[in-house]
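Hi everyone, thanks for coming. I'd like to walk you through one structure today, with an eye on its aromatic pairs and its nonpolar cores. Let me put it up.

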Amino acid sequence: MEDTQKTDKDRVCIFFQTRDELVKVEIPKVIFFKSDGNYTKVTFANGCETTVLTTLANIETLLDERLAGRVKPFIRIGKSFIVNTAYIFHINIPRQRLVLTDCINPTVYTLTIGREALKAIKQLYIEKSLWKL
């Protein structure tokens with residue numbers, strides 16, 4: 001069961017509840033979501049990870065609902081990932097790598113992503129001027 005809540009002016013959270021546990025996900029702190037069947041692995045900027053009992057499609061819907069009226073920093077990449085674009089550090093198309101980090105914590109995540117998806121992400125950055133040069 002999921003519940004969304006705004007805990008203060010800047011933090012937007014999603015709570016995932018089962019019979020025995022409650023997981024609080026502060027959306028801006030999420031680097032990426034990774035699909036694992038009926039579960040989704042959530043990876044945070046500080047290196048913490050948790051797994052919640054919901055599909056990636058449901059996460060995508062929750063993010064759209066929770067971030068309605070706000071800038072949506074998340075993009076869906078294929079069947080496996082939803083990535084927070086604020087943490088994209090490096091796009092390497094020939095090696096099929098997407099590198100994510102907050103440049104503060106020492107943890108760096110390297111995701112293997114298809115070339116076409118990486119090209120689309122790169123083009124999005126160029127067109128939308130997400131990366132100011």
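Let's start with threonine 85, which sits in the loop between strand 8 and strand 9; helices (H or I, at least four residues) and strands (E, at least two) are DSSP runs, numbered from the N terminus. Before going further, a word on the source: this is a predicted model, where local features need pLDDT of at least 70, side-chain atom pairs count only at pLDDT 80 or more, and totals for chains, interfaces and linings use all residues. Residues are numbered from 1 along each chain as its sequence is written, and side-chain values use heavy atoms, with hydrogens and water left out.

So, is threonine 85 buried or exposed? With a relative accessibility of 15%, threonine 85 counts as buried (buried is under 20% relative accessible area, exposed over 50%, partly exposed in between, with a 1.4 Å probe and protein chains only). Setting aside neighbours within four places in sequence, threonine 85 contacts Pro73, Ile75 and Tyr125, where contact means heavy atoms within 4.5 Å.

Now the cores. A nonpolar core here is a set of buried Ala, Val, Leu, Ile, Met, Phe, Trp, Tyr and Cys residues joined through side-chain atoms within 4.5 Å. The largest has 19 residues, and Val83, Leu98, Leu100 and Ile121 have the most contacts inside it. Among the elements giving two or more residues to this core are strand 4, strand 7, strand 8 and helix 2 (115-128). Helix 2 gives the most, with 3 residues. Another core lies apart from it, with 18 residues, among them Val12, Val42, Phe44 and Ile82.

Next, the rings. How many aromatic pairs does the structure hold? There are 3. Rings of Phe, Tyr and Trp (its six-membered ring) pair if their centres lie within 6.5 Å; planes under 30 degrees apart are stacked, over 60 edge-to-face, and the rest tilted.

Phenylalanine 32 and phenylalanine 81 have ring centres 6.0 Å apart and planes at 70°, so this pair is edge-to-face. The two are 49 residues apart, with phenylalanine 32 in strand 4 (residues 30-36) and phenylalanine 81 in strand 8 (residues 81-84). Phenylalanine 32 is buried at 4% relative accessible area, and phenylalanine 81 is buried at 9%.

Phenylalanine 33 and phenylalanine 74 have centres 5.8 Å apart and planes at 50°, so that pair is tilted. It links strand 4 to strand 7 (residues 74-77), across 41 residues. Both phenylalanine 33 and phenylalanine 74 are buried.

Finally, Phe32, Phe81 and Tyr109 form one aromatic cluster. Thanks, everyone!
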